[in-house]
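Have the model open while you read.

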Amino acid sequence: MASASFANLKASSSAWIGQRSFNQRPGSSSRSSAARVSVIRAGSYSEELVKTAKTIASPGRGILAIDESNATCGKRLASIGLDNTEANRQAYRQLLLTTPGLGQYISGSILFEETLFQSTTDGKKMVDCLHEQNIVPGIKVDKGLVPLPGSNNESWCQGLDGLASRSAEYYNQGARFAKWRTVVSIPCGPSALAVKEAAWGLARYAAISQDNGLVPIVEPEILLDGDHSIDTTLEVAERVWAEVFYYLAENNVLFEGILLKPSMVTPGADHKEKADPETIAKYTLTMLKRRVPPAVPGIMFLSGGQSEMEATLNLHAMNQSPNPWHVSFSYARALQNSVLKAWQGRPENVEAGQKALLARAKANSLAQLGKYSAEGESEDAKKGMFVKGYTY
């Protein structure tokens, strides 16, 4: 099924590939199609990977991303006047992961390594808090972005060294899916080198993750930075995803055992004209239908600095008719912003913070089902959270 889907992908992409030099690979014409499309395998974990992916991509549920590095989590805490200490990070993440009823709307949560191995102040493992609500624990496995030599001031993602052994350790600790975030910058080109590096890194990570029992979330984030039009974003997104799926297939990645975390197709943050949710949905779904095989179980969108309400409205617009995949969310800032403001770092406000999280999770659950209404949303939920050159 995955091989056939890839063949369809290549056929649908052929016109574009013929025009773009970075997709013309030396020696590719001499290989037979039988050799080029390899047998897809994911070792002894195949059935578990498919089951995990389907559990996360379940109706009315999405992913809570709380995998910010300690430095980025520190910025969150600083916004409410807290120091960046392990105790404060523990208190905040404990608030999130022990929210009563969260599993009704959240199917998976991406954790930072510290949190995966952490316990609550009562001594309960954080992963057990998730298991109790039928929420699948996930883990951020990349080691961050660094400058890419030979590119147009672009970056590449580190973390492949030692990934297999780390993934095995994360699996033993209870993680069942992984995340690797790389980025593509439209104002910087993007260069052929940066696109190829992003795609190849994601594919190697995905193969290694599956080999160790973790469902890989594939995330080439196309940054909002820039004043480009929505048409430019569409062109770049199609370019990037064509390259990504080429290398996923080359690395024998099981498409039924992955999840995608794409950016929505929107104008650049500084573009003079903003797009409405219906336009964003149209462009985004057009890109996905041209590039993503139906074998992939779930599309879990990142919010990328949109306001809480924008991210929810756009997701709602994409679920107004049936899609070949589960179309849902994997939000960080668009789920956490209201929580921080309600909590303010005070023990007496924990319940208020949890209620704020539950409200945002429910709103996005309704959006996944195509039943969301923005009526009654607060002014804070309408405020954008875009940060130029954002690092995670």
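## Loops, helices and how they meet

Let's begin in the loop between strand E6 (177-184) and H9, which is where Pro-190 is found. This is a predicted model, so everything below is read from predicted coordinates. The peptide bond that joins Gly-189 to Pro-190 is cis, with omega at about -15°.

Follow the chain onward and you reach helix H9 (residues 192-211) itself.

The structure holds 8 aromatic pairs, and one of them is Trp-200 with Tyr-247, an edge-to-face pair with 5.5 Å centre to centre and 85° between the planes. Trp-200 belongs to H9 and Tyr-247 to helix H10 (residues 230-250), so this pair ties together parts that are 47 residues apart in sequence.

Asn-134 has a phi of about 60°, and you'll find Asn-134 in the loop between helix H7 (126-131) and strand E3 (136-140). Asn-252 also has a positive phi, again about 60°; its place is in the loop between H10 and strand E8 (259-260).

| Helix | Partner | Angle | Axis distance |
|---|---|---|---|
| H5 (residues 86-97) | H13 (residues 333-343) | about 115° | 12 Å |
| H12 (residues 308-318) | H14 (residues 350-368) | about 20° | 7 Å |

Take H5 and H13 to begin with. Are they roughly parallel or roughly perpendicular to each other? With an angle of about 115°, H5 and H13 are roughly perpendicular. H5 passes H13 in a right-handed crossing. On the H5 side, the residues that meet H13 are Asn-88, Ala-91, Tyr-92, Leu-95 and Leu-96; facing them from H13 are Gln-336, Val-339, Leu-340 and Trp-343. Sorted by class, this contact has 7 nonpolar and 2 polar residues, with no charged ones.

Then there's H12 with H14. At about 20°, these two helices are roughly parallel, since angles under 35 degrees count that way. The crossing of H12 and H14 is right-handed. H12 brings Glu-308, Thr-312, Leu-315 and His-316 to the contact, while H14 brings Arg-360, Ala-363, Asn-364, Ala-367 and Gln-368. What is the class make-up of the contact of H12 with H14? There are 3 nonpolar, 4 polar and 2 charged residues.

Notes: Residues are numbered from 1 along each chain as its sequence is written. This is a predicted model: local features need pLDDT of at least 70, side-chain atom pairs count only at pLDDT 80 or more; totals for chains, interfaces and linings use all residues. Side-chain values use heavy atoms; hydrogens and water are left out. Axes are lines fitted to C-alpha atoms, for helices over the stretch in contact, and angles run from 0 to 180 degrees between N-to-C directions. Helices (H or I, at least four residues) and strands (E, at least two) are DSSP runs, numbered from the N terminus. Angles under 35 degrees count as roughly parallel, over 145 as roughly antiparallel, 65 to 115 as roughly perpendicular and the rest as oblique. A crossing is left-handed if the near helix is turned anticlockwise from the far one by less than a right angle, and right-handed if clockwise. Contact means heavy atoms within 4.5 Å. Ala, Val, Leu, Ile, Met, Phe, Trp, Tyr, Cys and Pro count as nonpolar, Asp, Glu, Lys and Arg as charged, and the others, Gly among them, as polar. Rings of Phe, Tyr and Trp (its six-membered ring) pair if their centres lie within 6.5 Å; planes under 30 degrees apart count as stacked, over 60 as edge-to-face and the rest as tilted.
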